[in-house]
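Subject: Structure handover

Hello,

Here is the structure I said I would pass on. Please open it beside this email and follow along; my notes come after it.

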Amino acid sequence: MSPASVIFFMMFMAPIVLLLIVAAFWKKARVILLTVAVLVASGELYYVLYSQDAHLQEWYSQEETVNKYLNELYPGDQWVSRQPIRNTILSNGVEIVFTDEPEVAYLYIVEDGKVQLAGYSEGKHGGEPKRDR
């Protein structure tokens, strides 16, 4: 798990844990505090699930646009698309690995409906990439 994920998790869990601790010691307001803790947890869960789903839907849209672009640019070629999980700066792009060039991963981004090659990464024996547009 990345450090950002750990911090994100701790930020979401802090109010719930705090409410549960206070509820354990404050018997008069225990029911109210436990209800608030459940409501806070439900709201946070909804936020996390909604943001993940929205991000995934956006990526699917970008993947479709990149696939159309590559079909026009490289007809007959085959490739595999994936989400760029290693790149934190351009994490909203589409990473493409062509089957005839498995050592090179190309990162395409979609801005205003236009597809652009943002860069590529190559393995140990990648050599010069075949596609530079």
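Which strands does helix α2 lie across, and at about what angle does α2 run to β2? Helix α2 covers residues 30–73 and lies across β1, β2, β3 and β4. Its direction is at about 40° to β2, the strand of residues 94–98. Please keep in mind that this is a predicted model.

Overall layout

The protein chain contains two helices and four strands. Going along the sequence, their pattern is α-α-β-β-β-β. The chain has 133 residues, and 26% of them count as buried. If you take the contacts between residues at least 6 apart in sequence, 36% of them join residues at least 24 apart.

The sheet

The four strands make an open sheet, ordered β1-β2-β3-β4, with antiparallel pairing. At its edges are β1 (79–82) and β4 (114–122), each of which pairs on one side only. On average, neighbouring strands in this sheet are turned by 30° against each other, direction ignored.

Strand β3, residues 104–111, runs antiparallel to β4 and is joined to β4 by eight bridges. One place to look is valine 110, whose bridge partner in β4 is valine 115.

The loop between β3 and β4 holds aspartate 112. Is aspartate 112 buried or exposed? Exposed counts as over 50% relative accessible area, and aspartate 112 has 81% relative accessibility, so it counts as exposed. The phi angle of aspartate 112 is near 55°, which is a positive value in a residue other than glycine.

The nonpolar cores

The largest nonpolar core consists of 13 residues. Val66, Leu70, Ile96, Phe98 and Tyr108 have the most contacts inside this core. Two or more residues come from each of α2, β2 and β3. The most come from β3, which gives four residues. There is also a second, separate core of five residues, including Leu19, Ala23, Leu33 and Ala37.

Which residues is phenylalanine 98 in contact with, leaving aside its neighbours within four places in sequence? They are Leu70, Tyr74, Asp77, Gln78, Trp79, Tyr106, Tyr108 and Arg131.

Aromatic pairs

How many aromatic pairs does a search of the whole structure find? The search finds nine. One of them is formed by tyrosine 46 and tyrosine 50, a stacked pair with 6.1 Å centre to centre and 15° between the planes. These two tyrosines lie in helix α2, four residues apart, about one turn of the helix. Tyrosine 46 and tyrosine 50 are both exposed.

Another pair is made by tyrosine 106 and tyrosine 108. Their ring centres are 6.5 Å apart and the planes are at 35°, so this pair is tilted. Tyrosine 106 and tyrosine 108 are both buried.

Ring pairs also link a cluster made of Tyr69, Tyr74, Trp79, Phe98, Tyr106, Tyr108 and Tyr120. Phe98 and Tyr108 in this cluster are also among the residues with the most contacts inside the largest nonpolar core.

Regards

How values were computed. Residues are numbered from 1 along each chain as its sequence is written. This is a predicted model: local features need pLDDT of at least 70, side-chain atom pairs count only at pLDDT 80 or more; totals for chains, interfaces and linings use all residues. Side-chain values use heavy atoms; hydrogens and water are left out. Two strands pair if DSSP finds at least two bridges between them. Axes are lines fitted to C-alpha atoms, for helices over the stretch in contact, and angles run from 0 to 180 degrees between N-to-C directions. Contact means heavy atoms within 4.5 Å. Buried means under 20% relative accessible area, exposed over 50%, partly exposed in between (1.4 Å probe, protein chains only). A nonpolar core is a set of buried Ala, Val, Leu, Ile, Met, Phe, Trp, Tyr and Cys residues joined through side-chain atoms within 4.5 Å. Rings of Phe, Tyr and Trp (its six-membered ring) pair if their centres lie within 6.5 Å; planes under 30 degrees apart count as stacked, over 60 as edge-to-face and the rest as tilted.
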